[in-house]
Amino acid sequence: MTADDAETGEPSDGIPPQIGAPARRALERAGYLRLSSLAGASEAELRQLHGMGPKALGLLRDALAAQGMSFAEE
């Protein structure tokens with residue numbers, strides 16, 4: 001467990017806790033269980049998931065950037 005893990009209660013590669021339940025369920029149903037797995041997906045692909053809205057996409061984009069990652073190019 002890193003210092004980040006202790007502060008947030010989430011693994012540093014986990015989906016951010018600020019993501020709402022509908023978006024979190026949509027990600028889980030699609031098989032995206034780790035933040036790093038989202039780096040292989042495009043925003044357009046994620047936007048198609050039922051429950052995924054612009055706020056959740058923005059939070060995910062910021063979380064990826066904080067880890068030096070980004071969504072796949074469209």
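This note goes through the core, the helices and the charged pairs of the structure above.

1. Basis. This is a predicted model, in which local features need pLDDT of at least 70, side-chain atom pairs count only at pLDDT 80 or more, and totals for chains, interfaces and linings use all residues. Residues are numbered from 1 along each chain as its sequence is written, and side-chain values use heavy atoms, with hydrogens and water left out.

2. The core. The largest nonpolar core has 18 residues. A nonpolar core here is a set of buried Ala, Val, Leu, Ile, Met, Phe, Trp, Tyr and Cys residues joined through side-chain atoms within 4.5 Å. Buried means under 20% relative accessible area, exposed means over 50%, and partly exposed is in between (1.4 Å probe, protein chains only). Leu 27, Leu 38, Leu 46, Met 52, Leu 60 and Phe 71 touch the most other members. The most come from α4, with five residues. Helices are DSSP runs (H or I, at least four residues), as are strands (E, at least two), and they are numbered from the N terminus.

3. Phe 71. Which residues does Phe 71 touch, not counting residues up to four places away in sequence? They are Leu 38, Ala 39, Ala 41, Glu 43, Leu 46, Leu 57, Leu 60, Arg 61 and Leu 64. Contact means heavy atoms within 4.5 Å.

4. Helix α4. This helix has 13 residues. From first C-alpha to last, α4 reaches 18 Å, close to the 18 Å expected at 1.5 Å a residue. The expected span is 1.5 Å times one less than the number of residues. Ala 56, Leu 57, Gly 58, Leu 60, Ala 63 and Leu 64 are its buried residues. They pack against α2 and α3 (43-47). Gly 68 follows α4 and has a positive phi, near 75°.

5. Helix α2. Ala 23, Ala 26 and Leu 27 are buried in α2. Seen down the helix axis, the buried residues of α2 fall within an arc of 100°, so they line one face of the helix. The arc is that of the directions from the helix axis to the C-beta atoms. An α-helix has 3.6 residues a turn, so residues three or four places apart point the same way. The cover over the buried residues of α2 includes α3 and α4. Just after α2, Gly 31 has a positive phi of about 90°.

6. Tyr 32. This residue is in the loop between α2 and α3. Is Tyr 32 buried or exposed? Tyr 32 counts as buried, because its relative accessibility is 13%. Neighbours within four places aside, Tyr 32 contacts Ile 15, Leu 27, Ser 37, Leu 38, Ala 41, Glu 45 and Leu 46. With Glu 45 there is a side-chain to side-chain polar contact at 2.6 Å. A polar contact is a pair of N or O atoms within 3.5 Å; within protein, one must be able to donate a hydrogen and the other to accept it, and residues adjacent in sequence count only if both atoms are side-chain atoms.

7. The structure holds three salt bridges. A salt bridge is a side-chain nitrogen of Lys or Arg within 4 Å of a carboxyl oxygen of Asp or Glu. One joins the side chains of Asp 13 and Arg 34 (3.4 Å, N to O). Asp 13 lies in the loop between α1 (3-8) and α2, and Arg 34 in the loop between α2 and α3, so the pair ties together parts that are 21 residues apart in sequence. Asp 13 is partly exposed at 21% relative accessibility. Arg 34 is partly exposed too, at 36%.

8. The Glu 43 network. Glu 43, Arg 47 and Arg 61 are linked in a network of salt bridges. Glu 43 lies in helix α3 and is buried, with a relative accessible area of 16%. The bridge from Glu 43 to Arg 47 is 3.8 Å, N to O. These two are four residues apart in α3, so about one helical turn separates them. Arg 61 meets Glu 43 at 2.8 Å, N to O. That pair links distant parts of the chain, with Arg 61 in helix α4 and Glu 43 in helix α3, 18 residues apart. Arg 47 is partly exposed at 45% relative accessibility, and Arg 61 is partly exposed at 37%. Beyond four places in sequence, Glu 43 touches Leu 57, Arg 61, Phe 71 and Glu 74.
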